[in-house]
Amino acid sequence: MSFAIEVPGEAAPLNQWELVKALGSAATSTDHAQRQSAGQQLQAWEPHPEFYTHLQTIYLNTSQDKQVRFLAIILLKNGIDKYWRHTAKHAIKPENKQAIRSRLLQGSLNEEDRTLALHNALVTAKIVRIDYPAQWPDAFSTLIETTRAANASNPLHLRGALLLLLRIAKELGTARLRKSQTALQAVTPELVQLLGTIYTEKTAQWQDLWTKGLGDASTVGFAVENSLTALKILRRLVTVGYEQPHADSMVCAFWSLSQSQFDQFLSGVGQDSWVPAPYQELVGKHLIQFTKLHIEMSEQRPASFPVLPNSIPLVKAYWNLVKGFSEVFEKSGGIRQTSGETAGGNPKHEGPLYEKLALKGLLLLRSCLAVAHHPVQTFRYRSPEMKELEKQAVHTLKVELLTRDMLLDMVQVIISKLFIFRKSDLEAWEEDPEGWESQERIEGQAYEWAVRPCAERLLLDLLTHYKELGEPLLAYCNLATKVDIDIVTKEAAYCALGCAAAIIYQNFDFDRFLTTFLVKDAQIQVPLAKLLRRRIAILLSQWIPVRISQPSRPVVYDIFRHLMNPDDEYNDEVVRITAARQLKYIAEDFEFTGESFYPFAADIFNLLVNLLKEVDTDETRLALLETLRVVVSRMETHVSQFGDAIMLMLPKLWESAAAEEYMIKQSVLAIMSALVSSMRVESQRYQSVIVPLLREAMNPESALHLHLIEESVDLWKAVLTQSSPPLNPDLTQMVQLALPLLEYDSEVASQCLDITKDYIVLAPQDILSDSLRRPTLAALGKALQSKSRDQSHVGAKSIELAVRVAEELGGAQGVSVVVHDLLETGILRVMLEGLHSSWEASQTTGPKRKESKINTIKETAYFAILARIALADPALLVSMLTSFGSPLDQVWSWLSTHWFANFDCMGDVEREKLSCLALTRFWELPDPQMQDLVLNRLQDYLSMWTSVVTELADGADPSAAAAAGGEGPPPLGAQDTLVWTGELARYEYDTPLDVTERELAAKDPVHTVVTYEFVRARLAGMVQRVGGEQAFEANWAVNVDREVLAGFQRLSQPAGEGQD
């Protein structure tokens, strides 16, 4: 029984003994609680100044347990990222950094365990990247001297030194900062000379031993390992360390050496090898490094590649290697991607060396095609000489390498030899059907490590850049369709036919081929029929966007239905998954119609749903769900007949997904969204199923909330778009989940803002209820202050809508309630403060001019909200303006001045009319003070009325106004283009939301009131209140500019009269 008492980590003092104890517990203890406590203790010590120097000391102590040392170096490596830079919080002190740097080389040179030495090298590389050359100027010079000395005396030390150089070269070679690149290039010549010497010595050492029997057999293991590491470093240095590798004699010499040794080493890994069996794998790795060197040089230094010695013959030699391999391709064991990882963290690929080398040859040919036809675009300055060199490189590749004979040879070998489906491929197919199908698909990455997919990509590249290759390919495809050939050869021919679709479509009658051959081939009942069936599904997806006529499309859909049928024994899992995956591209085609697909839809939907139940991997499930989503979306209203079946399946799929499987749930939401959009109004019957899932996905306390929020909001928006009032109560209450998201500047926030606006349109009574009104207005107020122009605009429109529907539902009393909430939440105060700051800014000029808190766009939005309040009840707005403590005349003075000035910035005739009507309503108020205030602005009013009425009459039909108003041409003011008359417009693709919005807009005074008539009535009322026309003219009109007055008077005249 243990009586140990756990104490917080920071309670234990840091010393070397305590640190070893904690590392031992964290690394080796079988007690989870003890490991967790030790981990917390180590984390608590991280900021301590001596923590990382102690870790290094423990690592360097070879008497310590290996697991303890390993954890120590791992923690040191992680600490470099977090605390080494001087800007980091709790940064390691300079004196501790110096102590760590001084012992870094020792940590790899004396280390017998390669794994530990490698991690110490990783630590060193990270520090060199940060500190060299400023804080560690002698890093490379020390390492070079150490490497030179180790080469002469100690193979173990040499292995450690080379590991250090390899990790440093990798670290600096991948750095984006110019400082790191320049630092590496500065030392590259010296390193290349040293490493070239070491590589030459070590390769000569093990070659002499195995071919001539000369040398020390005890050190041959170190010699092979060290030569391989030196080769890895050289490969990186000659591509990254030189701007123009071809101009350096050492690079050219090494390039030539790589070619001569490639042939030598290749002979050492064959059947009659001179290399002992235990070392053949290491020699094979030398060959792989040569191939990587050649490919990387063509990719990273395309201008230098063709100029380097014998590069064109080198590529041709690679092609000859590929041709030689193609003769045995059918019998080769194939390359498999395993679950293990290389030292760099990449997946391991296991398979015959000959096949790996052939694959590299294909990749090199693809790279050369890219150099010739897709020169790298860059913004970096290039000298005229460099541009000429690049131009010459392209010319050399096109003229000397990519000749017609070479191109025809490549096409012939690829389609006749490398497209063959092998026994090893079939074994991989049957061993892991889902995994194999996923890797082999067109979008997969198998071309990077498998010959057949890479050959397919190479053929596509060739056909893309050399259209003339379509002719021999067409002849081959025609022959394949006429001659009775075996399944494997026919599958290869169909693969070539798919690759050539975009090239030969004008000369190949695919519709006839479809009905004459493919329909029969899809039904063949022979042992390897599944190979052909899989290829037919891919072939159809390749030709559908190119050329398949509408009458032939039902045949395509019928073939897919057949290929997905599980009752046919030749439709195994790979065939059905491939057909389901390729069906997505069939449905995505521009000419796909739901009408033609409809007869097959029921069966295909059922087959898709059943297949979903069979597959195991998430990647495959997601692919099938994506196919289902695309088909649902493209069928549009025709999908209604199958909606019930789909909606029955989706909640079950949702429930079956584990808590962390958010990607499946994302797909479920996406399919629901597509279904709602396609079924339109009919989708309303599914809201009782959709809303609970939406509520679960939008729950902020859910772990999946952030993963599902985008798809949830898309579905939510789609549901509201297809909803008619009154809304489902559960759907209405969901608005509370959208409100907290409105204040963020993101796409989701913008969508939630649109959703909130839709709720105001569809469920105004619910939104204006006591429980939802104030939270909604408060959230909209935050959106109104957003830095995003779109969010601010929609926030303003939503508050406008809230005022409008409040007036419609409750009259002036309803508006009063909303305005009270706007006051209580501080929204109106913020608006007026912003407008006042904008007015103050407009009153100042020069270098000390005041800055406005808001821009003109937000200013216009604020005035629109005030206009809505004033249009509903002007007395309420006046009361609100005086509630902030300032006298009405002071507030009116600056507010009205700025409001009239804002007309020039509105840029929207609807908002101009809204403000015009709102300002005009102040003329109705009987209060003497307000009456004097508006009359003092008579000239501004007359100018505004004239401008707005004239703009509204622009584009109006005078004949329509004349017919409505009686005989003679109508006055200019009688024409108002914003007034809607007659039946509301209806459109084919109207959603219920569109209709409700249009009906609401039709009741807006902006669309029901003729501006001039509205103005004239208020003006007449004011004239009567001030004592009649004579008193009005004598006391008020006399102060108005004559031209302004005359302009207003012309509004009562027929259009065109009185205008010059």
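Helices (H or I, at least four residues) are DSSP runs numbered from the N terminus, as are strands (E, at least two). Good morning, colleagues.

This is a predicted model, in which local features need pLDDT of at least 70 and side-chain atom pairs count only at pLDDT 80 or more, while totals for chains, interfaces and linings use all residues. Residues are numbered from 1 along each chain as its sequence is written, and side-chain values use heavy atoms, with hydrogens and water left out.

I begin with helix H43 (residues 888–906) and helix H46 (residues 938–953). On the H43 side, Trp 892, Phe 900 and Phe 903 meet Asp 940, Tyr 941, Met 944 and Val 948 of H46. By class, this contact has 6 nonpolar, no polar and 1 charged residues; here Ala, Val, Leu, Ile, Met, Phe, Trp, Tyr, Cys and Pro count as nonpolar, Asp, Glu, Lys and Arg as charged, and the others, Gly among them, as polar. The two axes come within 11 Å and cross at roughly 25°. Axes are lines fitted to C-alpha atoms, for helices over the stretch in contact, and angles run from 0 to 180 degrees between N-to-C directions. H43 and H46 are therefore roughly parallel, given that angles under 35 degrees count as roughly parallel, over 145 as roughly antiparallel, 65 to 115 as roughly perpendicular and the rest as oblique. Their crossing is left-handed, a term for a near helix turned anticlockwise from the far one by less than a right angle, clockwise being right-handed.

A second pair is helix H27 (residues 573–588) with helix H28 (residues 594–614), whose axes come within 11 Å and cross at roughly 125°. H27 is therefore oblique to H28, and the crossing is again left-handed. In H27, Glu 573, Arg 576, Ile 577, Ala 580 and Leu 583 meet Phe 597, Ile 604, Leu 608, Leu 611 and Glu 614 of H28. That contact has 7 nonpolar, no polar and 3 charged residues.

Third, helix H38 (residues 773–784) packs on helix H39 (residues 789–824) at an angle of about 145°, with the axes 7 Å apart. H38 passes H39 in a left-handed crossing, and the residues of their contact divide into 10 nonpolar, 6 polar and 4 charged.

I turn to aromatic rings. The whole structure holds 38 aromatic pairs, where rings of Phe, Tyr and Trp (its six-membered ring) pair if their centres lie within 6.5 Å, and planes under 30 degrees apart count as stacked, over 60 as edge-to-face and the rest as tilted. One of them, Phe 325 with Tyr 354, is edge-to-face, at 5.4 Å centre to centre and 75° between the planes. Phe 325 lies in helix H14 (residues 311–328) and Tyr 354 in helix H15 (residues 353–373), so this pair ties together parts that are 29 residues apart in sequence.

Now the backbone. Most residues other than glycine have a negative phi, and most peptide bonds are trans. Yet the bond from Tyr 132 to Pro 133 is cis, with omega near 0°, and Pro 133 sits in the loop between helix H7 (114–131) and helix H8 (139–153). Another cis peptide bond joins Pro 725 and Pro 726, the latter in the loop between helix H33 (705–721) and helix H34 (729–733). His 90, not a glycine, has a positive phi of about 60° and lies in the loop between helix H4 (66–83) and helix H5 (94–102).

Conventions
Contact means heavy atoms within 4.5 Å.
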